[in-house]
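Subject: Structure handover

Hi,

Here is the structure for you to look over. My notes follow below it.

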Amino acid sequence: MPAPTLAAPALAVLVENRARFLAFLERRVGARDAAEEILQQAYLRGISRGGGLRAGESAVAWFYRLLRNALADHRRRCDAERRALAAYADESATDAGGDGGLLEAVCGCVTGLVATLQPELADVIRGVDLGGMPLRAYASRAGISANNAAVRLHRARRALGRQIRRTCAADTVAALRDCDCDCSQ
């Protein structure tokens, strides 16, 4: 038996109150795009779980409960992302030996291998690691959030690391410093 969905009159009330819901979320997350995303997810959840709306209950009050839950989920995801990014930053500093960054730590073939990555991954490596652009500036230029840019940079570095290990047959930063593979000529 399919789950009951939201009745048309209740859905109409929710659509009429969209601006109020969006303002509620925006005040709490501080960014319109994040508020829009949370609202859209809450609408989807509300439509699919419409059977949770009891007879005589205000659709608006019920939806505000959904919004508060969606907001809590969003905050948990953001906290988890921050912890993961902080752990990655610690890991990156350790991997690089804390002595200067990607260019000093790897062989001369990095620039050539960047071109083998997916375009969006290559772009973030070129901008941030090779170009020295601050991550927030890159995010703004790319039209994405700073968190999204950090995740993209993490994925790009991992993909580049795989390419370097395949090409240079090196598993450590120290081995890359002494790389004499054909691509570094």
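Predicted model: local features only at pLDDT ≥ 70, side-chain atom pairs only at ≥ 80, totals over all residues.

Residues are numbered from 1 along each chain as its sequence is written, and side-chain values use heavy atoms, with hydrogens and water left out.

**Cores**

A nonpolar core here is a set of buried Ala, Val, Leu, Ile, Met, Phe, Trp, Tyr and Cys residues joined through side-chain atoms within 4.5 Å. Buried means under 20% relative accessible area (1.4 Å probe, protein chains only). The largest core has 21 residues, and L14, F21, L25, L39, F63 and L67 touch the most other members. Helix 1 (8-16), helix 2 (18-29), helix 3 (32-48) and helix 4 (59-95) each supply at least two of its residues. Helices are DSSP runs (H or I, at least four residues), numbered from the N terminus. Helix 4 gives the largest share, nine residues. Another core, of 19 residues, lies apart from this one; L113, Y138, A159 and C168 are among its members.

**Helix 2 and helix 3**

Their axes, lines fitted to C-alpha atoms over the stretch in contact, come within 8 Å and cross at roughly 125°. Angles run from 0 to 180 degrees between N-to-C directions.

Regards

How values were computed
Buried < 20%, exposed > 50% of the residue type's maximum accessible area, 1.4 Å probe, protein only.
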